[in-house]
Amino acid sequence: MMKYTKFLAPLAVTIGLTAAAAASAQTLTMGVRGGPESMDPHFSALGSHAEAAKHIFDTLVWSGTDLQIEPGLATSWKPVDEDTWEFKLREGVKFHDGSDFDAEDVKFSIERIPVVTGPTTTTIYVRRVAGVDIIDPHTIHIHTDGQAATLPNDFIRLFIVSSEAAADYSTPETAAEGFNSGKAAIGTGPYKYVSWEPKGDLVLERNDDYWRGKGAWEKVIRKEIPNDSSRLAALKAGQVDVINYVSSVDYLALERDSSVDAIKGDSVYVMNLQLDQREKTPLVRAKDGSELAENPLRDLKVRQAIDHAIDRETMVDIVLEGLGKPANQMMPPGFFGSSEDIPMPEYNPAKAKELLAEAGYADGFEVDLYCTSDRLPGDGAICQGLGQMLTQVGIDTNVNAVSKTVYFPAQSRLEYSMFMNGWGTLTGEASYTLGGLAHSNNPEVKLGAFNRIAYKNDDVDRLLQTGATMMDEDERRATYEEAMEKVMADKAYISLVQLQTVWGAKAGSVEFTPRFDEDTLAFFIKPAN
Amino acid sequence: MLGFIIQRFLQAVVVMAVMSVIVFCGVYAIGNPIDIVIPPEATQEIREAAIRRLGLDLPLYKQYFIFMGNLLQGDLGRSFVYNVPVLELIGGRLPATLELVLISVISATVLGVSLGVYAGYRPESWISKTIMGVSVLGFSVPSFWVGLILILFFAVNLGWLPAGGRGETVEIWGVAWSFPTLDGLSHIVLPAVNLALFKLAMMIRLARAGTREIMLTDTIKFARAAGISEGTILRRHLLKLISIPILTVFGLELGSTLAFAVVTETIFSWPGVGKLIIDSIGVLDRPVMVAYLILVAFLFVTINFVIDLVFALIDPRVRQGATS
C-alpha cells in the first residue's frame with residue numbers, strides 16, 4: 001500500500017529519500033533509545049547492552065522472535081544426570097579474527113563473567129553453574145548447584161568471547177580498555193566491530209563468514225538517540241532508516257503519515273500493581289488521617305475490590321492510545337507457565353464498593369500510590385489513571401509517579417504500601433517471574449529476591465521449589481501454571497496491562513518481525529524489495 | 001596581585017570540598033544505585049556481591065574518604081556504568097560541548113552586543129523596536145520547544161540541515177573536532193542557534209541598557225564637544241564603558257552553558273557532557289556525578305578568576321583598587 005502512496009509525498013521528501021538511499025544502499029542506520037555500556041558483552045545485563053552485543057557475539061542458546069529457545073552456538077543440549085547438562089557445540093564456526101570456536105572459548109567465557117561484570121550483573125546467567133568440564137572440542141559438560149531445569153534459558157544471554165583475543169583483557173581494570181578499543185571485541189556474530197563511543201555510534205561491518213549466512217547490510221550504524229522526539233525527527237529527516245520505541249503519542253501521528261511505516265509488536269512487559277502484605281504498612285491510613293487497626297491490604301476482599309475498581313479497557317484505549325492489551329497475569333499469554341484458565345478480571349465499581357463494605361471499610365481509606373514515571377512507555381499515565389479509578393470506589397489515592405532513580409531504591413527499602421511498575425519476562429518462562437516476585441523472600445533457596453510486599457503463600461512456595469527441579473517439561477509447565485493461578489487469585493499482585501512497542505521505518509524500506517524482547521537486530525532486518 | 005590569586009585559589013579549594021560533600025550526601029540519600037541497575041533474575045546473594053564490589057557496603061564517611069584519597073592522587077574513579085576512568089569519559093565528550101558552546105556564546109555575544117548598542121544608540125528607530133521586540137521572544141520561549149521547532153522546520157520539513165547528532169570529525173592535536181568540516185558545521189548550526197537564542201536576547205538587553213545610560217553621561221558629551229567622530233566614540237569610549245557587566249555575564253553564561261547545555265544536547269542528540277551527566281543521574285552513576293560537579297565548580301571558579309583579571313586590564317579603576 002505504501003508503494004502507491006509514495007509518489008504523493010512532497011517532492012522535497014522524495015528527492016531527499018532517493019538521494020539518501022543511493023548513498024547508503026548497503027548501509028543500515030538504526031536510531032535506538034539506549035546503547036551498550038561497554039563493548040565487553042559480559043559487563044552488563046541491561047537489555048540494550050545485550051541487544052548491541054548480539055550483533056558482534058553469539059550465545060550458546062538463541063531465543064527466537066517469541067522467546068522460544070533454539071540452537072545457537074550450541075546445536076543441542078540434554079541433561080546427562082541430576083546436576084549436569086551436556087551441550088554439543090557447532091562445528092566449523094570461526095571468530096572474526098579467523099580462529100576456531102571451540103569448548104575452550106565457552107569455558108573461558110563462563111569463568112570470565114563473575115570477574116568482569118559490572119553492577120548490572122551478568123552473573124545471573126551463570127548463577128547455577130558450579131563447574132565446566134571440556135569433554136572434547138565440541139562437547140561440554142556444565143555442572144550445576146542442584147537440579148537446574150531452566151539452565152538453557154539462562155544461557156540465552158551467555159555471550160561467547162574468544163579465549164585468545166580476550167585472554168589479556170579479563171580483569172575489571174583491563175576489560176573495558178581491551179574491548180572498547182576493539183582488540184578483544186572479537187566474536188562469532190553477524191557483524192564485526194569497527195568503532196564505538198559511549199552514548200554515541202556503534203559502527204559495524206558485515207562478517208561474510210557468518211554461520212547463519214551473510215547479513216543483508218554491508219555496514220550497520222547503531223546511533224543512540226535517547227530522546228523520543230529527536231529519534232523520530234532523525235527518521236523523518238532521513239538520517240536513520242529504522243527507529244525503536246516510538247512513543248504512544250507519536251504513534252497516532254505515524255499511522256496517518258505515508259512516508260513512515262509503523263510496526264507494532266507485543267512487549268514482554270506487564271504492569272503490576274503490588275499490595276504490601278505486612279501487618280504494619282507505612283502509607284495506608286483512615287481518611288481522617290488516623291492510624292488503622294490493621295493493614296487493609298491484607299484482607300482478600302479489599303484486594304478483590306481494588307481489582308474490580310480497575311477498568312483495564314479504558315486504560316489501554318485512553319491512557320496508552322491503544323498500545324497495549326488488558327492483562328490478567330504477570331506474563332503475556334503463550335509464555336511457558338502462563339495459564340489460560342485465569343479469567344479476565346471484571347470492571348465493576350459497584351461490586352468493589354460492596355466488597356469494601358463487607359471488609360469493614362464502607363468509608364474507604366487513604367493510600368499513597370507510587371509508580372515509576374520514566375522507565376516504560378505510559379507508566380506515569382497509567383499511575384494517574386489508576387489513582388482516579390481507585391478514588392472513585394472510595395479508596396482515596398494520592399498518586400506519586402516518580403523517577404526510577406527514586407522509586408527502586410525506596411521500593412527495596414520497603415517504604416511503599418501500594419506501588420506499580422512493569423516487569424518483563426525476558427526469558428519467556430515463569431520461573432524467572434514467579435521465582436523473583438511470588439516466592440517468599442528466602443535467600444537460602446535463592447528465590448523471592450524481588451518480592452517487596454512480603455507476599456507468602458505456602459502452596460506457591462512449594463510449587464515454585466519443586467518446579468525448579470523438574471526436568472520433565474510438561475510437568476514443569478503444569479506446575480508453574482498452577483502457581484500462576486494461585487498467585488493471581490490472591491490478588492496481592494494485580495496485573496493491569498501488557499505493553500506494546502512500536503518501531504518506525506522509512507515507508508517500504510525494510511522488513512522485519514518484531515521480537516518479544518524488543519531487540520532491534522540488524523541481521524534480521526531485511527531490505528524490502 | 002599575588003595575594004589576590006592565592007586568595008582565589010583557596011576559595012576554589014573550599015568551594016570544591018563543600019561541593020563534593022553536598023553531592024556525596026545528596027546522592028547517598030537518594031539510595032543505592034544497585035537497586036536501579038540490578039537485573040530481575042539476581043538472587044539476594046548476587047545483589048550483595050554487586051554492592052560489595054562497588055564498595056557501597058561501607059559507611060558513607062569511609063566511601064567519601066576513599067574517594068577524596070583517590071582524588072588527591074589525581075584519580076577521579078571509574079564509572080559504575082561504563083567501567084572506564086571518569087576523566088576519560090568526561091574528557092572524551094568535552095570537545096563536543098566546548099565547540100558547541102563557544103560557537104553559540106561567542107556569536108550570541110558579538111551579534112547581541114552589536115544589535116544592543118544600535119538599539120541603545122537609536123532607541124526611537126523602528127529597527128531598534130523590532131530588535132527589542134524579538135529579544136523578548138528569546139527570553140520567553142522555552143528552549144526545548146524552540147529546539148523541536150527548529151528540527152521540525154529545518155530538518156524534517158525543509159530537509160536542509162540534519163536533525164541531530166555530531167557530524168564528521170577531524171583530529172587536531174589528538175582531539176576530534178567537527179567544526180572544520182562542512183558536514184560537522186551543518187550539524188552544529190541548529191543546536192548552536194538553539195543555545196544562542198537566550199544569550200543573544202540577554203546580550204541585546206544588557207548592551208542597550210548600558211548604551212542608553214552611557215550616552216547621557218558627560219564623557220560622551222565632552223567627547224562630542226571635542227569633535228571626535230561618532231564611530232570613534234562608540235568604539236573607543238562606549239564599548240569600553242559598557243563592557244564590564246557584559247563581560248561578567250559572558251563569563252557566567254559561558255560557565256553555565258558549558259556545564260548545563262543539557263536540554264539542547266538531549267534534543268539534538270549532541271554527544272556532549274551535559275547529556276552524560278543527565279544519563280549518569282538517571283542511573284546514579286556516583287563517580288561521574290561527583291567528579292563532574294567538582295569539575296564544574298572548578299570551571300566556574302576559573303572563569304570568574306579570569307574575568308576578574310580581564311576587568312583589571314580594561315578598567316583602570318579596578319586595576320588601581322586591586323593594587324592599592
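I took a nonpolar core to be a set of buried Ala, Val, Leu, Ile, Met, Phe, Trp, Tyr and Cys residues joined through C-beta atoms within 7 Å. Buried means 20 or more other C-beta atoms within 10 Å of the residue's own, with C-beta atoms placed from the backbone.

Ground rules. This is a predicted model, so I kept in mind that local features need pLDDT of at least 70 and side-chain atom pairs pLDDT 80 or more, while totals for chains, interfaces and linings use all residues. Residues are numbered from 1 along each chain as its sequence is written, and chains are lettered from A and ligands numbered from 1 in the order written.

Core. I looked up the largest nonpolar core and got 223 residues. Among those with the most contacts inside this core are Leu60(A), Leu386(A) and Val497(A).

Leu60(A). I listed its contacts (C-beta atoms, placed from the backbone, within 7 Å). Leaving out residues up to four places away in sequence, Leu60(A) touches Phe87(A), Val106(A) and Ile160(A), among others.

Chain A overall. I counted 16 helices and 20 strands in chain A. Its radius of gyration, over C-alpha atoms, is 25 Å, close to the 24 Å that the globule rule gives for 529 residues, so chain A is as compact as a globular protein of that length. The rule is 2.2 Å times the number of residues to the power 0.38. Of the 529 residues of chain A, 53% come out buried.

Sheet. I traced an open four-stranded sheet in chain A, order S4-S5-S7-S6, with antiparallel pairing (at least two DSSP bridges between paired strands). S4(A) (74-81) and S6(A) (129-136) are at the edges with a single partner strand each, so one side of each has no neighbour in the sheet. Neighbouring strands are turned by 20° on average, direction ignored. S4(A) and S5(A) (residues 84-89) run antiparallel, joined by six bridges, and Pro79(A) sits opposite Trp85(A). Helix H4(A) (residues 103-116) packs on the sheet, touching S5, S6 and S7, and its direction makes about 170° with that of S6(A). Axes are lines fitted to C-alpha atoms, for helices over the stretch in contact, with angles from 0 to 180 degrees between N-to-C directions.

Interface. I found 45 residues of chain A in contact with 48 of chain B. H13(A) gives the most to chain A's side, with seven residues.

How values were computed:
Two residues are in contact if their C-beta atoms, placed from the backbone, lie within 7 Å. A residue is buried if 20 or more other C-beta atoms lie within 10 Å of its own, exposed if 12 or fewer, and partly exposed in between; C-beta atoms are placed from the backbone.
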